[in-house]
Every structure is written in C-alpha cells, then in structure tokens.
Amino acid sequence: MTRFRRTATAAAALAFTAAATAVLGFAGPASAHVTVNPKEATQGGYARLAFRVPNESDTASTTKLEVTLPAEAPVGSVSTMPVPGWTVAMEKRKVDPPIEVHGSQLTEAVSKITWTATGDAAVKPGQFQEFPVSMGPLPQVDTMIFKILQTYSDGNISRWIEPPTPGAEEPEHPAPVLTLAPAAAPAGSAAPTAAGTAVASPDDDDDDEGNGLAVGLGVAGLVAGLAGLVLGGLAFARSRREPVVKA
C-alpha cells in the first residue's frame, strides 16, 4: 500500500509539472533572448556595452551575430573588444548632418557589426557568449534599438528585431533596447545675472555695510576735529583784539 501511494504521488507531481510547463511556458531555452547590458546609459557620454547571446537550440551552435545600429541615432565612435575565436567586421554609412566628435565633423557612422565564429568557438547548446562594444558620444535620444540576427550552424536564423510597444506585452522576438538619460547639470553651477556678473551673497552685503559704517564714523570724527580747530582759532584771534584793562 505504501509503495502504491508513493507511485501515485510521483505521477501526480510529474503531471503537475508537465501542465505548468505547457500553460506557463517554463521551458528554459525558449524564454531566453539576446540582450544589451547595461540597459541604461547617458546622452552625450561613452558607454561600454555587451550584447549577451544565449544559444536556444538543442542541436545547433550559434556561429554568427549581426548587430544593426539604429539609423535615426548615429554614433560617431564605435570599437569592439576581441572575442577569442571570433572575427569582427564593421559596415559604415553616410550621415547628414555630420556627427561632431572631439571637434571633428564625421560624415560616416558605423551601421552594422558582424561577429563570425572560427574553428570551435561557436556558442554551443546550453551556453551563452558576450560581445563587448564601446561607443559614443551617445545621441540625444531616449532609446537606441538594436536589431540583431543570430545565425545557427544548421542554417536557422533568430531575428531579434521587434521593437517594444509601450503598454503591450513583450514581443516574441524583442530587439535589445538601450535607454538613454539626459546628462546631469554640473554640481555647484551658479546661474548668471542679466549683466553676466556674479550675484553677491548675504555675507558680502554684511561686509559692505560694516565697511560703510567704519568710513562714516571716520569722516564724522575728522569733521569734528576740524570744527574744534576752527573754534579754537577764532577764540584766540578774538582774545588778541580785545583791549587789556589796566588796574
């Protein structure tokens, strides 16, 4: 009887697991997709990004990765970090108006980056690989959407090209999105006045009042001294003009 109960319990657990997998989609590899990390950066700055690529196939390996940069948000400088066993190639396109980078006007920008595996470097089932990139100055836009093609050794291609829709569920093959925040204002920066001069602080006003008071007292003392000398001189002159009375 005990063995029968254990068998029944195990069968029920297996049935529940199968039902959960079918209803909720718990199958591991199917839920993974290509992402960009970190997911946030600053407008006008430089960022070190990594495209994280999981292998979703049970039988084939990832042999090529193609990353297309958004045409509406060109970047002047793009460089890649070597990935062992992978070659990298970049494609460029003309941009108008030009992009300013360190005082230079660039008329071309990188439009696509392609990594290709050599030898035994392909991303095998159950593995993932990161492809680091440095780029900047980042454009003055809210987001950058990277459309990506992931090619497998059996010829299948996963197209991570669907942009997200605000308020909607995540698409089946979402494109990686980099969110760009405005650059923060420099700390301690003072707002200029209309005449372009610095605004006096309350301490400066106190110092000016103290200096004015001291000057005023000094002038008053000088005036009082001069008045005393004048009165003394008049009294002396008067005493000399008056006749001396003899007894």
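Mentor: Helices (H or I, at least four residues) and strands (E, at least two) are DSSP runs, numbered from the N terminus. This is a predicted model, where local features need pLDDT of at least 70, side-chain atom pairs count only at pLDDT 80 or more, and totals for chains, interfaces and linings use all residues. Residues are numbered from 1 along each chain as its sequence is written, and side-chain values use heavy atoms, with hydrogens and water left out.

Trainee: Where does serine 61 lie?

Mentor: In the loop between S3 and S4.

Trainee: Buried or exposed?

Mentor: Serine 61 is buried, because its relative accessible area is 15%. Buried means under 20%, exposed over 50%, partly exposed in between (1.4 Å probe, protein chains only).

Trainee: What is serine 61 in contact with?

Mentor: Contact means heavy atoms within 4.5 Å. Leaving aside neighbours within four places in sequence, the partners of serine 61 include Asn55, Lys124, Pro125 and Tyr152.

Trainee: And glutamate 172, buried or exposed?

Mentor: Exposed, because its relative accessibility is 67%. Glutamate 172 sits in the loop between strand S11 (157-160) and S12. Beyond four places in sequence, glutamate 172 touches Trp160 and Glu162.

Trainee: New topic. Which residues touch the most other members of the largest nonpolar core?

Mentor: Trp115, Met135, Met144 and Phe146, out of 32 residues. Strands giving two or more residues to this core include S3 (47-54), S7 (104-117) and S8 (128-136). A nonpolar core is a set of buried Ala, Val, Leu, Ile, Met, Phe, Trp, Tyr and Cys residues joined through side-chain atoms within 4.5 Å.

Trainee: What does phenylalanine 146 contact?

Mentor: Setting aside neighbours within four places in sequence, phenylalanine 146 meets, among others, Leu49, Phe51, Met135, Trp160 and Leu178.

Trainee: Valine 133, buried or exposed?

Mentor: Buried, because its relative accessibility is 2%. Valine 133 lies in strand S8. Its C-alpha is 8.0 Å from that of phenylalanine 51, 82 residues apart along the chain.

Trainee: What order do the strands take in the open sheet?

Mentor: S2-S12-S9, three strands with mixed pairing. Strand S2 (40-42) and strand S9 (143-145) are at the edges, each with a single partner strand, so one side of each has no neighbour in the sheet. The twist averages 30 degrees from one strand to the next; axes are lines fitted to C-alpha atoms, for helices over the stretch in contact, and angles run from 0 to 180 degrees between N-to-C directions.

Trainee: How many bridges join S9 and S12?

Mentor: Three, in the antiparallel sense. Two strands pair if DSSP finds at least two bridges between them. Isoleucine 145 has valine 177 in S12 as its bridge partner.
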